[in-house]
Amino acid sequence: MVVLTRDRYIVFQAIVKSTVPNLTELKTTIWKKYETIFGLSGTSEAGLYFETFDEKNGTGLIRCSSRSLSSLLTIFALITKIKEDDVILLPLFISGLIKKAKAYLSNI
Amino acid sequence: MQKTKFSKKNNSLSCENYLAIYQDEDIVNYCDIANKMHISLLAIDNVNISQRNKFLEVFNNKEYSILSPQMLYEELRKNCFDFSQFIDGFKKALIHDNYNKVVLVSRKTFSKESIEELKSFLSSNRSDYELICLKSKNQKLLKWAAKDRRIDYISIDLLDDSSIVDNALCSLMKQNDKNFEIILSSLLNSNTEKVFSAALRNGKKIVERIDSNNTPMIFTIKPSTPCQLRTSSQIRHITQLLGIPYNKTKSSTFHNQLVRVIKNVIKLHDTHLFEGIKEGS
């Protein structure tokens with residue numbers, strides 16, 4: 001039996017005190033933290049993909065597999081700093097459809 | 001009729017039960033972030049009720065309001081006649097107007113080593129705080145505290161010695177309707193992977209023992225900066241690392257804390273005598 005791997009799209013916001021981190025810094029921090037907690041095989045199974053990230057508002061959209069959604073949300077909760085700056089990665093909306101997630105993102 | 005987009009609101013409420021604050025300015029920073037994240041209940045350590053009320057008089061912000069639990073209680077007591085109505089009333093009031101309220105609760109965490117010290121502390125300080133928590137490594141003291149009506153929580157850090165939580169203590173806590181307060185800060189603040197894994201390993205042992213006895217527990221982050229505040233959903237995701245399923249911690253991140261605060265507020269501010277806080281001499 002073929003089991004399809006479904007994707008989940010998470011709209012999130014980076015709440016910061018000073019400057020919003022750029023996409024590269026954000027990617028590096030999430031990947032590193034994921035690898036530390038769940039290992040290399042867990043990271044590869046997660047299928048993380050950064051769809052968009054608006055550096056002005058600090059909002060973004062990230063894709064992961066449905067099975068690793070919970071792990072990714074744990075990682076979001078564990079990240080406290082990006083390059084020495086305090087940050088909160090707050091998940092705002094989760095959807096299985098990219099169209100819906102993008103619509104939510106544009107409404108923020 | 002056109003469908004309203006994203007009409008389904010997220011009605012989950014969040015609480016931070018242990019804020020260690022050193023300056024008054026910090027309270028505003030914490031409240032700003034808490035309001036952004038819809039964290040409605042903040043328990044501030046080492047701030048007594050009168051200090052908290054003074055701060056509320058000075059505070060002025062148009063975006064959101066900061067309240068004491070007593071203020072909400074006074075509003076609700078006209079319409080609420082039993083305890084469950086009070087709980088619902090508090091929850092509705094906090095969600096109302098897009099979470100623009102932050103309730104500040106005063107709390108005191110103390111660490112004493114003998115029962116006599118603890119008794120004298122409680123008799124003089126109990127009515128100054130809405131929550132009283134104990135942190136100790138003395139097992140005898142913890143067992144005595146588990147039976148005492150004036151103590152609300154027993155705080156345990158993930159890096160504490162796991163042997164202080166034994167089956168007898170868990171059983172006593174359960175009998176006396178008390179919660180363990182598990183502090184998760186070491187998972188967020190650990191600088192090295194060694195400390196993180198030690199906290200995780202030790203934390204799993206503690207939580208497993210508490211859970212096997214079906215003793216209620218609550219989770220708190222004890223943030224050292226405002227950016228370490230976490231919503232109840234995020235705390236529940238972190239606790240999954242400790243081996244507790246997400247669905248099992250539903251009431252451990254807001255409901256249990258709210259129930260304890262309301263109980264104590266009623267005891268402190270009502271004219272009747274109550275067990276634990278206001279007793280007849």
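## Exercises on a two-chain model

Chain B and chain A bury about 1,800 Å² between them, and 72% of that is on carbon and sulfur atoms. Keep in mind that you're looking at a predicted model.

**Exercise 1.** Work out which helices of chain B supply at least two residues each to the side that touches chain A, and which one gives the most.

*Solution.* Start with the head count: the contact takes 22 residues from chain B and 24 residues from chain A. Next, find the helices of chain B on that side: helix 1 (24-36), helix 8 (185-189), helix 9 (193-212) and helix 10 (232-240) each supply at least two residues. Helix 10 of chain B gives the most, with 4 residues. Now sort the chain B side by class, and you get 11 nonpolar, 7 polar and 4 charged residues.

**Exercise 2.** How many salt bridges and how many residue pairs in polar contact link chain B and chain A?

*Solution.* Take the salt bridges first: the count between chain B and chain A is 0. Then go for polar contacts: 5 residue pairs turn up across the interface, with both residues at pLDDT 80 or more.

**Exercise 3.** Trace the open sheet of 5 strands in chain A and find its edge strands.

*Solution.* Write down the order, 2-3-1-5-4, with antiparallel pairing. Strand 2 (49-54) and strand 4 (81-82) of chain A each pair on one side only, making them the edge strands. Now zoom in on strand 1 (residues 7-16) and strand 5 (residues 85-95) of chain A: 8 bridges join this antiparallel pair. For one bridge, pick A:Val11, whose partner in strand 5 is A:Phe93.

Conventions: Residues are numbered from 1 along each chain as its sequence is written. Chains are lettered from A and ligands numbered from 1 in the order in which they are written. This is a predicted model: local features need pLDDT of at least 70, side-chain atom pairs count only at pLDDT 80 or more; totals for chains, interfaces and linings use all residues. Side-chain values use heavy atoms; hydrogens and water are left out. Contact means heavy atoms within 4.5 Å. Buried area is the accessible area (1.4 Å probe) that two parts lose on being put together, summed over both. A salt bridge is a side-chain nitrogen of Lys or Arg within 4 Å of a carboxyl oxygen of Asp or Glu. A polar contact is a pair of N or O atoms within 3.5 Å; within protein, one must be able to donate a hydrogen and the other to accept it, and residues adjacent in sequence count only if both atoms are side-chain atoms. Ala, Val, Leu, Ile, Met, Phe, Trp, Tyr, Cys and Pro count as nonpolar, Asp, Glu, Lys and Arg as charged, and the others, Gly among them, as polar. Two strands pair if DSSP finds at least two bridges between them.
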